[in-house]
Amino acid sequence: MEIAIAFNMRAWYFDNKPGHQKLPHMGEPVPNEKVYQLGIKHWKIPLEGHKKVIDDIAKERDYPNRDVINISKEGLGEIYDEKMVYFFQEHMHEDEEIRYILDGTGYYDIRETPSDNWIRFQIEAEDLIIIPVGIYHRFTLDEGDYIKSIRLFRADPKWVYLYRSKEMDVNPYRLENGLRSKKLSKGTSKQSWLRRRQYRLAGESGYGVG
C-alpha cells in the first residue's frame, strides 16, 4: 500500500475581522508548501483501511495510545461551551498533535513565523494531520458544529496545553520548532522542497509515495 501526500489543503490567512470563530475568516490564500514549511504534515487516508495506516504511524512515531473524540454539542454535553473556549486559546504542546478525521469538519489556526500572522486551514474526513511540537496553534469547529477524530497520545491520558507567554516563547521545544522552520524555508525552491518532502514522508510513514 502507498500513502500519498495531500497537496489539496485549503489554507488562507485569518482576516482578524469581527465575527464568530466558527466563521471562515477567509483572507488571502496560502499555498500548501508554506503551511508544510511550518512543520505541518498532512495526508489523505481513505476511511477504508485507515486502521493499518494509523497503527503503523503510531508505532513509528511512538504514540501507543489513542481515543476517539466527538466534538459537538451532543458529544461534549454540558462542557461544550467551555471546551470551545479552551480549544481556541493559543497554545503549544511538547508532543505532536496527531489527528485522523473520521467525520465532520473544523479549522486549525497556526502562527506563521516570523510574521506572527494566523494561517487557517480546514480539516475534513480522511485527513491525517500532525501539528509539530512547539508551534502555537488553536482549533475550532466550523459552522457545521461537529467533528469526530482519532487522537494519538504518548501517555494515556496526557494532553498538556502550554498557553502562549514570554516563558513559552523561550521554551526549548518552541525554539527548536522555529529553527526547523527557518532551515526548511531558507533558499528552498518549490520543486526541490516538494521532492525532499516526498522522500521524507515516504521514510516517516514506511510507505512509498504515489
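Reader: Is Asp127 buried or exposed?

Author: In this predicted model, Asp127 is buried, with a relative accessible area of 3%.

Reader: Which side chain does Asp127 meet in a salt bridge?

Author: The partner is Lys44, and the N to O distance is 2.9 Å. Asp127 lies in strand E8 and Lys44 in strand E3, which covers residues 41-44, so that the pair links parts of the chain 83 residues apart. Lys44 counts as partly exposed, at 24% relative accessibility.

Reader: Why can two such side chains pair at all?

Author: Side chains of opposite charge can pair when their charged atoms come close.

Reader: How many salt bridges are there in the whole structure?

Author: A search finds 18. One of them joins Arg164 to Asp169 at 3.7 Å, N to O. Arg164 has a relative accessible area of 31% and Asp169 has 30%, so both count as partly exposed. Salt bridges with shared partners also connect these two with Glu90, Arg111 and Asp116 in one network.

Reader: Changing topic: what about Asp67, where is it found?

Author: Asp67 belongs to strand E4. It is partly exposed, with a relative accessible area of 27%.

Reader: And which residues does Asp67 touch?

Author: Leaving aside residues up to four places away in sequence, Asp67 touches Ser149, Ile150, Arg151 and Phe153. With Arg151 there is a polar contact between the two side chains, at 2.7 Å. The C-alpha atoms of Asp67 and Leu152 are 6.9 Å apart, although 85 residues separate them along the chain.

Reader: What else lies in strand E4?

Author: Ser72 is one of its residues, and Ser72 is buried, at 5% relative accessible area. Its side chain reaches the backbone nitrogen of Gly75 at 2.9 Å. Beyond four places in sequence, Ser72 touches Gly77, Tyr80, Asp145 and Tyr146.

Reader: Which residues have the most contacts inside the largest nonpolar core?

Author: They are Val35, Ile71 and Phe121, in a core of 26 residues. Among the elements that each supply at least two residues of this core are helix H1, strand E4 and strand E7. A second, separate core has 14 residues, including Ile45 and Tyr63.

Reader: Finally, where does pLDDT stay under 50?

Author: That is the case over residues 187-210. Where pLDDT is low, the predicted coordinates should not be read in detail. The protein averages a pLDDT of 85, and 79% of the residues score at least 70.

Conventions: Residues are numbered from 1 along each chain as its sequence is written. This is a predicted model: local features need pLDDT of at least 70, side-chain atom pairs count only at pLDDT 80 or more; totals for chains, interfaces and linings use all residues. Side-chain values use heavy atoms; hydrogens and water are left out. A nonpolar core is a set of buried Ala, Val, Leu, Ile, Met, Phe, Trp, Tyr and Cys residues joined through side-chain atoms within 4.5 Å. Buried means under 20% relative accessible area, exposed over 50%, partly exposed in between (1.4 Å probe, protein chains only). Helices (H or I, at least four residues) and strands (E, at least two) are DSSP runs, numbered from the N terminus. A polar contact is a pair of N or O atoms within 3.5 Å; within protein, one must be able to donate a hydrogen and the other to accept it, and residues adjacent in sequence count only if both atoms are side-chain atoms. Contact means heavy atoms within 4.5 Å. pLDDT is the predictor's confidence in each residue, from 0 to 100. A salt bridge is a side-chain nitrogen of Lys or Arg within 4 Å of a carboxyl oxygen of Asp or Glu.
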